[in-house]
Amino acid sequence: MTQPLILSLEESRDPSLVGGKAVGLSRLLAAGFAVPRGLCIPTTVYHHALTAGGIDAEEVWRRVLQASQEERTRERSRIQECVLRQVWPADFSSALERRLAGLAHDPATRWAVRSSATNEDVEQASAAGLYHTSLGLSSFEVLRGICDCWLSLWSDAAFEYALRTSSPIACPSMAVVIQPLLQATVAGVVYSIHPVTGRTSQVVVNAVPGLASSLVSGEVIPDQYVVEVDEAKGRPLRIRRRMLATKQQKLLSTPAGVHTETISGTAQKPSSLSDAQLFELANVSKHIEAAFRHPVDLEWVWDVDQLWVVQARPITAVQPSPALTNDECEWTRANLKETMPELPSPLGLSFLERFMDAYIVAPYRRLGCTIPDGLSSVRVMHGRPYLNVTLFYALVTQLHGNPSFLTEQMGGEPLGFTPSVRPVNGLALVRAGFLMMREWRRVVREGPEHFVAMKRMAETYQSDRVRHLSAKELAATLDRLGQWLDTHEVTFGIAGGVAQSLQAMGAFLPGWLGEDWRELLNASLQGQGSVISAQHILRLAELVEVARSEIVVQRWFLSEGWAASGFREALAGTGFLRRFEEYLADYGHRAVGESDIMSPRIADQPDSVLMLLQTQLRDGKAVPPGDVMAQQTERRQSALAEIHRRFGWRRHRGVFFRWWYRRLSRFCALREANRHHLLYYSTAVRHLLLQLGGRMVEQGILGQPDDMFYLTMDERAVLSEGAQRDWQRLVQGRREEWVRHHALQVPDTIRDWEAVLEQGIPLAGQVPDGLLRGIAVSAGTTTGPVRIVRSTQDWQRVRPGDILVVPVIDPGMAPLFGVAAGLIAEMGGTLSHGAIIAREYGLPVLVNVPYATTLLREDEQVQIVSSTGTISRLVP
């Protein structure tokens with residue numbers, strides 16, 4: 001034979017001679033990675049054995065692929081007999097013994113003998129786990145291990161695999177790799193990209209104590225980790241996920257071979273790897289990926305001294321993808337939780353998803369932003385909707401914005417991991433700026449006309465005005481209103497105007513005004529009288545004044561055993577009732593959780609508002625609306641004067657500030673006006689849906705009118721078209737699901753969606769007892785007793801001067817703002833609707849105070865200091 005019979009791994013560079021595994025190890029050694037030194041028995045020795053036994057491997061392989069199972073078994077027995085009685089090439093056994101002795105000076109060294117077929121660990125196919133591996137062999141047993149590797153090439157599994165690959169006709173050959181068996185403390189597999197999603201920023205690690213043969217054979221459940229890496233620099237950033245298994249046994253190497261050892265109970269749960277080891281594995285895998293120029297699947301071993309790589313194969317089953325996926329994004333209930341009930345209706349959820357995609361995400365695409373296929377802006381867990389914070393971080397970054405303002409503006413927790421994002425180029429940015437300016441002009445020009453149209457819809461489609469419509473007419477009207485919204489929606493332009501104004505100010509005001517720039521800016525936005533939702537509170541204060549001026553009304557409110565029911569009959573002919581009906585006409589379409597069309601409106605249940613008015617009349621602490629406006633005006637003017645005083649002689653700063661201040665004020669007012677009038681639109685749709693539900697009840701299709709809210713938008717359309725389906729059973733299932741979801745808890749922030757689903761809700765962290773911190777969204781300092789408000793059922797406990805502690809600032813809570821001395825919210829941001837209302841009204845507010853409703857106690861005295869963003873518990 002002219003070819004060598006034994007090669008070192010360093011010499012194993014020809015795939016046809018040494019197979020894919022040996023070539024991979026040779027490349028690793030050449031690149032300087034830690035690989036145990038070893039030998040390769042090339043394919044020439046394998047062919048020598050078959051030829052000596054009179055077997056033409058190529059011809060037999062072709063015949064076996066087409067043969068029956070019985071014929072395959074017969075041929076395999078013939079090959080097995082040939083291999084087991086074959087005569088080794090002259091001097092091969094003695095040469096192998098010498099080479100093994102040269103690798104390990106200790107005669108007791110145990111060996112790992114692994115297959116290295118020519119169709120194994122190659123880019124077209126990996127053949128992972130297909131062929132034989134022997135661990136813990138003595139030097140005298142290595143020859144048997146070589147034969148076992150050869151025979152595994154002719155197994156049924158190998159035939160089936162060959163038939164599934166692109167060129168099954170080609171007969172593979174078998175080389176064999178021999179290395180000293182390492183004394184593994186922990187071993188496993190690492191994938192340089194996510195093996196399921198292909199995500200290039202995620203390294204996945206599987207690990208078990210001891211040797212990893214039981215892992216690669218699929219016999220044990222390993223500890224599983226996902227490590228996030230910086231794609232640009234290839235360095236690990238954080239451990240994204242740990243899923244620790246219960247490890248009952250481990251396979252160890254000993255002088256007598258390998259044996260299984262039982263792991264004691266206390267040692268079964270801890271992680272197999274430290275963070276430092278995980279980071280090193282991720283780092284090594286990315287360096288090998290760069291050296292090989294393709295993603296790799298590595299088998300590794302950690303002994304007492306260091307990390308070793310014992311196999312490198314290409315990842316062939318998934319395409320690498322730098323694109324974000326939903327599972328690696330971070331999600332928040334902030335913003336959505338402020339305007340929707342704890343458990344929105346299926347109809348409300350489907351409208352939210354469509355609204356976000358059509359009116360928020362689609363405009364970003366038109367501006368030139370790239371959004372990976374399959375990435376959602378909204379996701380639902382146990383009936384609760386979440387916003388994709390990572391997506392909006394990426395969108396803002398692409399447009400050269402400052403994403404650090406996201407948490408402050410949206411609320412919720414900061415991103416734990418920020419993906420690598422490529423901003424658009426200069427020309428694309430100029431184009432996006434031009435399109436955005438055009439959108440802002442359209443909003444200012446057309447917005448007020450659209451608002452008038454939406455208010456007219458609520459008047460046109462009042463419940464008593466749509467009772468005569470047929471089901472077909474009701475469905476057609478709903479479709480027509482949907483088409484109208486598609487061409488008249490202005491939310492994106494308005495939100496962009498507010499966000500850009502705040503970003504511009506945030507870039508300069510800290511340096512010009514100092515650390516308290518936010519408090520000064522918040523104070524300067526108070527009491528402008530242009531935010532329609534804040535006018536809501538003043539209207540309630542006016543109603544208290546009117547009630548106080550009419551003896552009949554005052555007596556009714558203060559009567560013993562007072563109840564709000566029957567108020568229209570009791571107050572007939574009074575000026576208060578007339579003014580209250582006007583208030584309901586202007587604000588009765590608002591509600592708690594008002595973004596869900598199923599939520600009852602104030603006009604549907606005015607008792608809660610009347611209860612608040614009664615509280616203010618009874619306690620006699622209501623502040624006249626004129627005094628409220630005077631106080632707000634004074635604060636605003638004082639803040640503006642202080643801002644201009646700090647600018648001093650630098651007139652250009654004043655010019656810059658005034659321009660952006662006017663713009664911010666205008667878009668904040670537009671933002672609340674848009675929401676206020678969208679809810680007129682929503683009220684019109686609500687009336688039509690309930691009437692359509694009534695028609696469906698008449699036809700026996702639904703059980704009750706509000707069943708409509710338990711359908712999605714698409715299902716509503718299909719139902720209206722007359723589709724035959726057991727709709728009542730569907731709705732009943734949804735109602736039962738709603739009840740099940742109500743019993744479940746969900747976190748407000750999800751950093752790992754799959755982990756939350758698999759492992760449950762993370763426990764609340766502990767917060768020190770004396771001082772809580774949050775983000776100030778409205779200026780001021782106030783002291784008062786805590787009043788925890790989770791629903792409208794708690795409104796009756798609110799007294800003037802209370803500090804309301806709430807999960808979120810729902811805009812529907814605006815009637816309470818005229819009574820409260822301050823607000824503390826677990827979630828929220830400077831751009832939330834509730835924050836804008838509270839700021840306009842001049843109420844001191846702190847948001848993003850984790851677990852406030854749990855940590856603070858009813859009636860305890862606290863002090864809010866907006867300038868420092870702190871809440872002091874006055875009696876610890």
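Asn848 is buried, with a relative accessible area of 13%, where buried means under 20%, exposed over 50% and partly exposed in between (1.4 Å probe, protein chains only). In this predicted model, local features need pLDDT of at least 70, side-chain atom pairs count only at pLDDT 80 or more, and totals for chains, interfaces and linings use all residues. Residues are numbered from 1 along each chain as its sequence is written, and side-chain values use heavy atoms, with hydrogens and water left out.

Asn848 sits in the loop between strand S23 (845–847) and helix H30 (852–855); helices (H or I, at least four residues) and strands (E, at least two) are DSSP runs, numbered from the N terminus. Although Asn848 is not a glycine, its phi is positive, at about 60 degrees. Asp859, in the loop between H30 and strand S24 (861–865), is likewise a residue other than glycine with a positive phi, near 75 degrees. Asp859 is partly exposed, at 47% relative accessibility.

Ser116 belongs to strand S3 (residues 111–117) and is buried, at 0% relative accessibility. Polar atoms of the Ser116 side chain make two polar contacts with backbone atoms, a polar contact being a pair of N or O atoms within 3.5 Å; within protein, one must be able to donate a hydrogen and the other to accept it, and residues adjacent in sequence count only if both atoms are side-chain atoms.

| Backbone atom | Distance to a polar side-chain atom of Ser116 |
|---|---|
| Oxygen of Val18 | 2.7 Å |
| Nitrogen of Ala22 | 3.0 Å |

Arg651 is found in helix H24 (residues 651–698) and is exposed, with a relative accessible area of 71%.
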